[in-house]
Every structure is written in C-alpha cells, then in structure tokens.
Amino acid sequence: MIIKDHWKLRDFRIGEARDLEVASPLFDDYFWMASEVPGDVHTTLIRHGLIDDPFYGHNDQKCRWVEDRIWWYRTVFTLDEVPGPNERMELVFEGLDTFATVYLNGAELGSTDNMFISHTFEVSRELKPGKNVIAVKFDPVHAKVGEKAVSTYWSGFSKERVWTRKNQSHYGWDWGPRLLCAGIWKEVRLEKSRHAKLEHVYARTAEIGTDQALVDVSLEIKAWDCKKTYTAFVELIDEEKGEAVASAEFKVDLSQGFMMDGASIGTRMTGSTRLEVAQPKLWWTHDLGTPFLYKLQITVSADGEAIDSRSQMFGVRSLELKLRDDSGNPTFTFVLNDVPVFAKGANWIPIDSFIAAVPDSRYSRLIRMAQGGNMNMLRVWGGGIYERDIFYDECDRLGILVWQDFMFACALYPDYNRNFMDNVRREIEHVTKRLRSRTCLALWCGNNENDWLYEALHSSGQIPHPFYGEKIYHEMMPALLEKLDPSRTFWPSSPFGGNDHNSRDEGDTHNWQVWHGNIEPRVFGEPQLQDYSIEGLSFKKFKEDHTKFASEFGMHASSTLYTLKRNIPESELVWGSTEMMNRNKDINHLKGIMLMEGYSGIPSNLEEYVNFSMLTQAEGLKYGIEHYRRNKPETSGALFWQFNDCWPGTSWSVIDYYGLPKAAYHYARKFFHPVLLTAEYTPGDSRLILWGLNDTRQTAKRTAEIKVYGIDGRCVYHRSYPVTIDAVGKQRIADITLEELLQDLDPSQAVCVIRWEYGTGEDNFYYFLDHKDMNFEPTRLNVQVNPQDSTVTVSAAGHLARMVKLELDAEWIEWEDNYFDLLPGQSRTLHVKQLEGKDIPWYTLRVSALNGTAN
C-alpha cells in the first residue's frame with residue numbers, strides 16, 4: 001500500500017510547539033498546506049507561492065529562512081483490516097531528508113539521520129482499523145549539528161555538511177547554490193508480510209564459457225516464524241522468447257542468527273543457488289553490442305505457500321578492472337566479456353537542487369541523451385546522492401556502465417566519532433545491498449578527491465589535522481564490500497594511485513591543470529601549486545597528460561540564452577552584470593575569461609560570451625578527449641566533468657538545466673564516435689598526424705579522406721587512404737607537413753576537413769590557428785523551415801560558416817545536430833524534437849553563425 005495522498009505541511013519555529021501535541025491524531029491540521037509526497041519543503045512552498053522561484057535572480061538568498069524552521073508532515077490513511085496471526089505490518093520510508101522523527105497515531109516510532117537509506121518501522125500493534133495518522137517532524141540541520149559545525153578542520157564549501165549524511169551539494173558547490181532541502185523525498189508505503197519477508201537479492205555472473213554461463217543468486221529473508229520450512233524458486237526468463245532459460249528451487253535455511261532493526265525483530269536466513277544458462281545472450285555496452293537483459297524472478301514460499309516475490313532485470317556479463325597489463329605495467333582498464341573497453345562519458349551530478357520533485361521521465365531523457373552522445377559510462381559523483389532506481393534501470397537498459405562513488409567529497413569526515421561511523425556503516429551496507437545486482441554497476445569508489453586533496457593540502461601546510469575519514473575508505477568500506485559484493489572492484493578514492501594520488505603513472509586522475517591551473521606532476525610531500533595564466537589554464541595542457549584513466553576534467557560554458565533570459569531580470573541580462581556573476585558559483589571568475597582569451601578572445605557582450613564560452617568548452621573537450629583516445633591503450637578512459645546541471649547556472653555541464661545541449665554535447669557525439677578519424681595537431685605544429693580509432697569488436701575497414709579548403713570553399717588539398725583497423729585498436733594513418741596541406745594558403749583562412757568516405761561518421765573540422773587568430777569572412781545563411789516534417793535546412797553562401805547555431809525558445813529541444821560548421825555551398829537538413837511532446841514554437845527560431853546571420 002503506497003501512502004501518497006492527503007499529505008499536509010507546516011513550519012514551526014524552534015520551541016513553538018510540543019512534538020506529541022503536533023503528532024497527535026487529534027491535532028487540527030485543517031489549514032496546513034497540501035503537499036506532495038515524494039516531495040520536499042521548497043517545492044511545496046513554491047507551489048503555494050510562499051517563496052519565489054529560488055533559481056531566479058538572487059532568490060536562493062531570499063529563501064534561506066526555510067532551513068532554519070522545523071517542518072512537519074501529516075497525513076491520514078484508511079486501513080481495512082489489522083494484521084492477522086503470523087502477519088507483520090511495516091511502515092517503510094524509502095527516503096527521509098534528513099533529521100526526521102516518525103509518529104504513527106501519536107506513538108513515536110523513531111528518529112532518522114541519513115537521507116541515503118530507507119527506514120522501516122514495525123507497526124503491527126500501532127495500526128488500527130479505519131483512519132490512521134502519520135506525522136513526520138524534520139529538524140533543521142543547524143539544530144542537530146550544533147557546535148560541531150564550527151569545527152576547524154577542512155571541509156570545502158561548508159563546515160556542517162560533514163556531520164550530516166545528506167546530499168553534500170545541498171550546502172552549495174562551485175556549480176550550484178545552497179538550498180538546504182528537507183522532506184519525504186522518496187516513496188512511503190505500508191507492507192504486510194506473512195511468516196517472513198524477502199529482504200535482499202544478490203545476483204551476479206560467476207562464469208562465462210563458450211556455450212554456457214553460470215549465474216549465482218543469493219537470498220536473504222527475515223523470518224519471525226522459524227517453524228516453517230522456507231524455499232525459493234528462481235527463474236531467469238528470456239522475455240523475447242517468453243520462456244525461462246534457467247531455473248532452480250532451493251532451501252533458504254542457513255540461519256544468520258537474531259536480527260533487530262529497532263522494533264523489527266526476526267531471524268536472518270539465507271540460501272543460494274547457481275543457474276546454468278545455455279547459449280547465453282550477453283549484456284554489452286551499447287557501443288560494443290546489445291545490452292540484453294533477462295528477467296530474474298524470485299518467489300519465496302513457507303511450507304509450500306508463496307509468501308513473497310520479487311523480479312528484476314539482469315544481464316549476463318563478466319566485468320573486471322585490470323590494474324596491470326600482461327607485462328605487469330600499471331593500467332586502469334575495464335574489461336567487459338573479455339573485451340577491453342575505452343570508457344567514454346561524463347560525471348553525473350544530482351539532476352536538480354530539488355531532487356524529489358523530478359519525474360522519472362527527466363532521468364530517462366537525460367540518459368538517452370548520454371547514449372545518443374556515444375557515452376558508455378557515467379560516474380555518479382560522490383557529493384550528491386545514490387541515484388534513484390530509474391537511473392540504474394535506464395543504464396542497464398541502454399548499455400551504459402556506472403562508476404559509483406560513495407557520498408563523501410572534498411572534506412575530512414569525523415571517523416573518530418562512534419555515532420557517525422555507525423551511521424556510515426549502515427549506509428554502506430544498505431547501498432551495497434540495494435545496488436550490487438545492477439548489471440551496469442562497474443566500480444565502487446570510496447570518495448571524491450579526499451585522499452588526493454588531503455595529501456596535497458597537508459603538504460602545503462593548509463591542513464594540519466590527521467586524515468579524518470581514512471578509516472571509512474581504507475578500513476570499513478573494503479571490509480564490508482569484500483563480504484557484501486566481492487564481484488566488483490573497490491577503489492578507495494578518485495583520483496588515486498601512484499606517488500601522488502593524482503599521479504599519471506598509476507590509477508585514475510583528475511586533470512585540473514586545465515581550468516584550475518594546477519601545476520603537475522607533483523609527488524607526495526610537495527605543495528600543490530597553481531599557475532593562473534593564459535598558458536597555465538589552457539586546454540592545450542591536455543596533450544602533456546598520458547594518464548591511465550582520466551575520470552574528471554573539463555571547463556565552463558554558459559547556459560543557452562533561453563535559459564539565461566528565463567532566470568535573470570532583463571535589466572541585468574548583460575555580460576559582466578551582478579546577476580550574470582551569480583550564475584557562476586566558481587569563485588575565481590578570471591579562469592573562464594583567461595581560457596577564452598587564449599582561444600576565442602575575450603567576449604565584449606552577452607552574445608559573444610555565450611558563443612565564445614561554448615566554443616572554447618567544445619573545442620577544449622574535443623582537443624583533450626581525442627588526445628586521450630589516441631593514447632589508448634595506455635589511457636583507457638575519459639569521463640569529463642560534467643554531464644548535467646542541478647540549476648540554471650554557468651558550469652562545466654554540456655547539457656543545461658532545461659535539457660538544452662551546449663555546443664560541447666554535439667561535439668561529444670562526434671569525438672566519442674566508436675570509429676573515429678582524428679587529427680593530432682596543435683596550432684604552431686609543423687605537421688598533422690592522421691589517426692584512426694576503433695572501439696568496436698569488429699575490424700573496421702574504411703577509406704580516410706582529408707581535404708583542405710579556403711574559407712571561400714576552394715579545395716587546395718585532397719588525399720584518401722585505405723585503412724584497416726583491428727577491433728578495439730588504432731592506426732597511425734598519415735603524417736603530413738603543413739606546407740603540403742596548405743599549398744601556400746594563408747592558415748588564417750584555411751580549414752582541414754577529415755571524414756570517412758561513403759557516409760560513415762561525420763565530418764571533423766580542424767583549424768590551423770586558434771579561433772582568435774582566424775580571419776573568417778562574413779557569410780550568409782539560407783534557412784528553410786518545414787514544420788510538417790519538423791526539419792530546418794541550412795546552407796552557407798559565400799564563405800564558410802563557423803559554429804552554426806539553431807535556437808528555439810523552449811526547453812528539452814533536441815536538434816539532430818547543432819553548433820556545426822558549414823562549407824560554402826554545403827547544405828544540412830536537421831530534424832528537431834521537443835522531448836516532452838509539446839508543440840515546437842517555430843516563431844522563435846533563430847539561426848546564426850559566429851561570422852554570419854540568416855537571411
């Protein structure tokens with residue numbers, strides 16, 4: 001029974017009301033606000049007009065009072081009958097954010113202090129036939145953390161967050177505002193069980209042979225009637241064929257002894273079996289094959305009577321992280337079904353500042369966009385949340401691997417405090433059991449940047465304290481995961497490995513030479529120095545990086561103009577205004593300006609800022625990721641920072657808050673293409689080297705074509721090369737001098753275009769100089785709109801069009817391509833969709849290029 005109706009919400013000042021009075025079934029809540037559950041306080045207040053949209057202007061500051069109040073939720077539900085003999089009723093809250101006290105019919109059931117885990121209360125005796133009243137009180141964070149928040153030890157962005165097991169980015173980060181949420185953020189339900197309850201399922205592929213796969217399935221039940229004989233029947237079903245490919249019945253009779261969670265008491269019992277799957281269909285990432293999923297169906301019986309069941313999707317696959325190659329040298333390579341994977345993707349942050357209000361459809365759209373961007377891995381970053389089920393459902397279904405951080409980021413955590421450590425232990429156990437059967441889950445990672453930043457800042461003299469938190473990542477987690485999920489690699493931190501946890505010689509790395517100007521390499525004991533200069537921040541630093549796995553790197557770009565207009569007062573919609581500065585939560589705003597100064601030039605107005613920042617981000621990511629991919633197999637992955645946004649701000653994201661891709665997203669679809677033709681070239685080089693990259697399981701036979709044009713469209717150089725690239729391999733195709741390529745053409749008026757012949761892949765444009773040094777002539781764009789087919793056709797007349805941009809004033813607009821270059825006389829017809837199924841506002845269409853406008 002899901003309890004989602006008739007919830008109400010009200011605030012109280014501390015000391016204003018007595019808890020048992022507010023929790024009493026007799027308390028008068030007639031004039032309380034209607035509230036949705038799942039939900040949160042802020043979105044309820046927005047819906048009732050009691051706070052202004054926190055994303056508009058500086059309104060996030062206007063609603064800071066919300067975090068200082070006590071908030072109460074109440075609802076009434078009707079129960080037709082109370083539990084019978086050998087039945088138990090449990091009230092389950094999948095997510096309470098964060099310091100909550102739960103009451104049922106006036107009885108205090110217990111308190112919670114962890115947003116990330118579910119909370120179950122045994123309520124068989126407290127329920128009554130007819131109307132029942134649930135009340136939930138949320139205390140403000142400051143009232144619970146108290147004096148601990150003034151701790152002097154290091155914690156980025158806030159002091160109190162390290163004491164709270166809640167979304168760390170709620171406290172503000174360098175890409176999002178402080179909006180300290182509270183509320184019932186996940187489902188509430190009443191569960192009735194008879195004799196026992198199926199608590200956990202752990203399914204994993206044990207072995208894959210030539211004609212058969214072995215799948216191990218373990219169950220854990222909580223039994224309160226130990227006189228019964230418990231059995232489980234497990235089936236692995238191929239839904240395409242409509243038949244079971246493997247099944248087994250087995251006893252669940254291994255007693256793990258007495259178990260107690262508050263008032264919920266029973267005996268923990270386990271059982272396991274091995275399924276033999278003949279001619280298995282394997283699960284692959286979408287770029288390597290089909291992400292086939294079987295349905296795993298489990299039914300638990302007591303003395304032959306079915307009492308509980310569960311089903312989940314499951315993929316048969318082997319996955320390991322190789323840390324040494326065949327010669328014993330350090331590597332960091334994921335191997336899927338014996339095929340080495342080059343991980344291509346991005347870092348995922350919380351989908352919204354108000355996560356509870358987000359519909360599942362928004363998750364589905366974003367993850368489909370990741371797949372459409374040729375990404376095969378997403379990293380769930382360690383300062384947000386363990387994502388909702390829909391996230392992992394979609395990654396399983398669409399063939400995208402998940403690097404899963406535990407939620408510890410950029411801080412020292414109080415591992416000396418017993419209460420805190422007990423809380424963390426429960427969290428690790430709960431999260432591991434919840435996610436360990438997910439096919440997409442590739443890696444458990446202990447934290448984000450804590451090991452690296454502690455050592456670097458300690459060596460710099462900025463942190464005098466011990467490494468608080470070390471016991472969590474280096475003692476507790478590995479011990480628990482060895483017991484609970486030995487099927488996956490546990491990695492203590494990101495970055496980690498080598499003589500500097502951000503070493504390029506071992507492990508994974510975060511490249512913040514680009515953007516933050518870090519001076520690297522460094523070794524243990526040396527201070528972390530930074531170079532805030534045009535050269536020190538430049539994305540050309542990527543070419544010096546020969547990391548084993550780049551798990552975080554990136555640079556800012558503005559949101560789309562539509563997004564800015566929607567959230568900034570018109571009078572402040574000016575480049576350099578206070579409101580524009582407020583969109584950028586990264587403190588040193590000069591970094592973005594210097595990055596643009598080095599490549600595009602400094603913008604002089606808002607339109608140039610939007611264009612130049614997007615162009616610099618897109619070209620910078622292209623430069624770095626193509627370099628990393630050419631460096632395979634020494635480098636085995638590139639996950640840029642970041643994929644999405646939690647609010648409409650200026651950040652490292654490639655898709656803004658309203659689902660509108662920036663230029664870098666469309667570039668990513670091309671530079672992450674599984675079979676890529678790429679040019680190794682940096683302005684100032686005397687030679688251009690042509691490479692072919694193949695990340696598929698099949699040999700790629702192609703013809704590579706390279707042409708050089710003047711910006712007037714005149715072709716001065718053309719050559720083709722037949723190419724055969726081994727599966728998951730690469731080939732150095734040609735080494736050509738600039739003198740040969742340019743044929744006396746001025747490099748400031750030249751472009752190199754490489755492509756696979758016969759329509760395979762997309763054109764890849766390279767310029768011989770940085771954008772600021774190019775001499776683009778003005779051009780004209782001809783535009784034809786066909787609303788019936790939802791297409792726009794664009795052609796360039798006279799001269800090359802640099803970064804053609806198509807804009808519509810609506811959210812969730814998906815262009816087939818955007819922010820692309822057009823040669824003179826070239827025409828592109830592009831389909832467009834509104835992903836929510838709404839009408840497309842054609843009257844708002846704007847088409848432009850950096851050097852031209854539409855007729």
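Let's start with disulfides, meaning pairs of cysteine sulfur atoms within 2.5 Å: a search of the whole structure finds 0 of them. Before I go on, this is a predicted model, so local features need pLDDT of at least 70 and side-chain atom pairs count only at pLDDT 80 or more, while totals for chains, interfaces and linings use all residues. Residues are numbered from 1 along each chain as its sequence is written, and side-chain values use heavy atoms, with hydrogens and water left out.

Back to the cysteines, then. Take cysteine 410: the closest cysteine sulfur belongs to cysteine 445, 12 Å away, and that is too far for a bond. Cysteine 752 has its closest cysteine sulfur in cysteine 715, at 10 Å, again too far for a bond. As for accessibility, buried means under 20% relative accessible area, exposed over 50%, and partly exposed in between, with a 1.4 Å probe and protein chains only. Cysteine 410 counts as buried at 8%, and cysteine 752 counts as buried at 0%.

Now have a look at phenylalanine 138. This residue lies in strand 9, residues 130-138; strands here are DSSP runs of E, at least two residues long, numbered from the N terminus. Phenylalanine 138 is buried, because its relative accessibility is 0%.

In the order 17-16-20-21, 4 strands form an open, antiparallel sheet; strands pair if DSSP finds at least two bridges between them. Strand 17 (243-251) and strand 21 (305-314) are at the edges with a single partner strand each, so one side of each has no neighbour in the sheet. Neighbouring strands are turned by 15° against each other on average, direction ignored, using axes fitted as lines to C-alpha atoms and angles that run from 0 to 180 degrees between N-to-C directions.

Within that sheet, strand 16 (residues 230-238) pairs with strand 17 in the antiparallel sense over 8 bridges. Phenylalanine 233 stands opposite glutamate 249 in strand 17.

My last stop is on the surface. Phe258, Met260 and Ile265 form a nonpolar patch there, with about 330 Å² of accessible area together. Such a patch takes residues with over 30% relative accessible area and no salt bridge, joining nonpolar side chains (Val, Leu, Ile, Met, Phe, Trp, Tyr) within 5 Å; a salt bridge is a side-chain nitrogen of Lys or Arg within 4 Å of a carboxyl oxygen of Asp or Glu. Areas come from the Shrake-Rupley method with a 1.4 Å probe. Isoleucine 265 is placed in strand 19, residues 264-278, and counts as partly exposed at 37% relative accessibility.

Note on methods:
Patches are made of residues with over 30% relative accessible area and no salt bridge: like charges are joined within 9 Å, nonpolar side chains (Val, Leu, Ile, Met, Phe, Trp, Tyr) within 5 Å.
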